[in-house]
Amino acid sequence: MTDLPHTAPTPRPVTDRPVTDRPDPAGTPVVPRPQTPNRDLLQLEVLPDESQIRADIERLRKEKNAVIIAHNYQRPEVQGIADYVGDSLGLSRQAAKTDADVIVFAGVHFMAETAAILNPDKTVLLPDLRAGCSLADTVTAQGIRDWKTQNPGGLVVTYVNTTADVKAESDYCCTSGNAVQIVQNLPADVPVLFAPDRFLAAHVIRETGRAMDVWDGACHVHEAIRPEDVQDQQAAYPDAELLIHPECGCSTKILGALPELQLYSTEGMVHRARESAAQEFIVVTETGMVTRLEHDVPGKTFIPVSRTACCEYMKMITLENIRDALENLQPRVTVPADIREKALVPIERMLAIG
Ligand code: SF4
């Protein structure tokens with residue numbers, strides 16, 4: 001056997017930073033500490049005084065004769081200060097009947113637009129204009145016009161999760177709570193386009209048997225909920241009842257295995273949880289719905305299907321930006337008069353039917 005030359009290995013720095021010439025006792029090079037701490041890490045934001053913000057909101061709400069309406073997917077503290085919490089249909093109804101001068105919409109942009117369409121003389125505030133909707137962004141007014149050109153005499157049913165100019169091209173609006181009822185009321189033998197949510201469309205087709213053209217849109221939050229997420233929670237909570245929203249990407253596959261399963265709009269979930277004998281429920285929709293259910297159905301347990309089923313647009317609304325919106329009466333959401341007039345028609349048809 002040949003002896004290998006016995007030479008010590010050349011020490012190599014473990015980073016690009018300079019190495020001290022003082023080795024530690026084990027002979028490992030030591031990386032010196034920075035001489036000055038990273039100042040950025042020390043710029044800690046002072047937490048706002050939440051009780052002061054709540055007091056400001058209470059004062060401003062009275063001063064400005066404002067109503068705060070919040071969607072079921074809002075943050076818990078926002079739901080907690082709202083005058084009304086509900087789904088898109090409930091919020092549209094509240095917006096239509098309020099006698100307040102100012103509507104603060106704790107929701108996303110298309111919802112504030114719907115409130116502005118129903119209340120052209122009121123000030124409608126959306127505390128953060130970045131609060132959009134991935135589902136509403138999947139469809140354009142031009143896309144609807146193109147379908148109508150190819151299908152003369154056809155009817156367009158659009159989910160309320162659409163922009164005002166898409167509603168202006170629609171014959172009926174609907175929500176997940178009344179979509180089946182609206183399609184059942186359509187005249188037979190005319191082509192129908194259902195837009196933009198393909199999962200809700202599949203649910204409506206299953207329930208009504210009506211053939212429809214379907215826009216290929218989806219919400220990124222609901223689409224990402226997988227059957228495996230539901231199965232994992234069922235394994236962890238075997239006695240829990242499933243509350244599945246029809247917008248969810250998992251709904252079609254789960255219904256394939258369990259055809260008798262009911263799907264529920266968010267308001268339908270509240271009713272079902274109240275009347276069911278079950279004590280635990282797996283909530284298969286955006287996580288904010290758990291807050292609403294815990295508030296409205298105390299004493300029962302609600303388990304989110306996945307902690308990542310969280311809409312970042314909904315969570316942009318905070319106590320602070322609600323306070324600021326009330327203080328400044330900004331940012332406002334308005335709809336041009338010509339679009340408003342046309343968009344009002346399908347919204348009023350929806351409110352009249354269901
Ligand atoms: S949860 Fe989905 S449909 Fe609802 S606002 Fe967020 S992106 Fe839009």
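**Close-up views of a predicted model**

**View 1. A four-stranded open sheet with parallel pairing.** In this predicted model, four strands form an open sheet, and their order is β6-β5-β7-β8. The pairing in this sheet is parallel. Strands β6 (172–174) and β8 (213–214) are the edge strands, since each of them pairs on one side only. In general, the strands of a sheet pair through backbone hydrogen bonds, in either a parallel or an antiparallel manner.

**View 2. The pairing of strand β5 with its partners.** Strand β5 comprises residues 155–159 and pairs with β6 in the parallel sense over three bridges. Within this pairing, Y159 stands opposite C174 of β6. Strand β5 is also joined to β7, and these two parallel strands share four bridges. The bridge partner of V157 in β7 is F194.

**View 3. Strand β7, covered on both faces.** Strand β7 spans residues 192–195, and both of its faces are covered. V192 and F194 lie on one side, L193 and A195 lie on the other, and all four are buried. In a regular strand, side chains alternate between the two faces of the sheet. Strand β7 runs parallel to β8, to which two bridges join it. F194 stands opposite V214 in β8, and F194 is also the bridge partner of V157.

View 4. How many of the ten residues of helix α5 (residues 109–118) are buried? Ten of the ten are buried, and the helix is described as mostly covered. Among these buried residues are H109, F110, M111, E113 and L118. The cover over the buried residues of α5 includes the strands β1 (66–71), β3 (102–106) and β4 (123–125). It also includes the helices α4 (88–97), α7 (164–167) and α16 (337–353).

**View 5. The packing of helices α2 and α15.** Helix α2 (residues 50–63) packs against helix α15 (residues 319–328) at an angle of about 35 degrees, and their axes are 9 Å apart. The crossing of these two helices is left-handed. On the side of α2, the contact is made by E50, I53, R54, D56, I57, L60 and R61. On the side of α15, L319, E320, I322, R323, L326 and E327 take part. By class, this contact has six nonpolar and seven charged residues, and no polar ones.

**View 6. The residues around the ligand.** The ligand is surrounded by 14 residues, of which the closest are C133, S134, L135, C219 and C311. The shell divides into nine nonpolar residues, four polar residues and one charged residue.

Methods. Residues are numbered from 1 along each chain as its sequence is written. This is a predicted model: local features need pLDDT of at least 70, side-chain atom pairs count only at pLDDT 80 or more; totals for chains, interfaces and linings use all residues. Two strands pair if DSSP finds at least two bridges between them. A residue is near a molecule or strand if its C-beta atom, placed from the backbone, lies within 6 Å of it. Ala, Val, Leu, Ile, Met, Phe, Trp, Tyr, Cys and Pro count as nonpolar, Asp, Glu, Lys and Arg as charged, and the others, Gly among them, as polar. A residue is buried if 20 or more other C-beta atoms lie within 10 Å of its own, exposed if 12 or fewer, and partly exposed in between; C-beta atoms are placed from the backbone. Two residues are in contact if their C-beta atoms, placed from the backbone, lie within 7 Å. Axes are lines fitted to C-alpha atoms, for helices over the stretch in contact, and angles run from 0 to 180 degrees between N-to-C directions. A crossing is left-handed if the near helix is turned anticlockwise from the far one by less than a right angle, and right-handed if clockwise.
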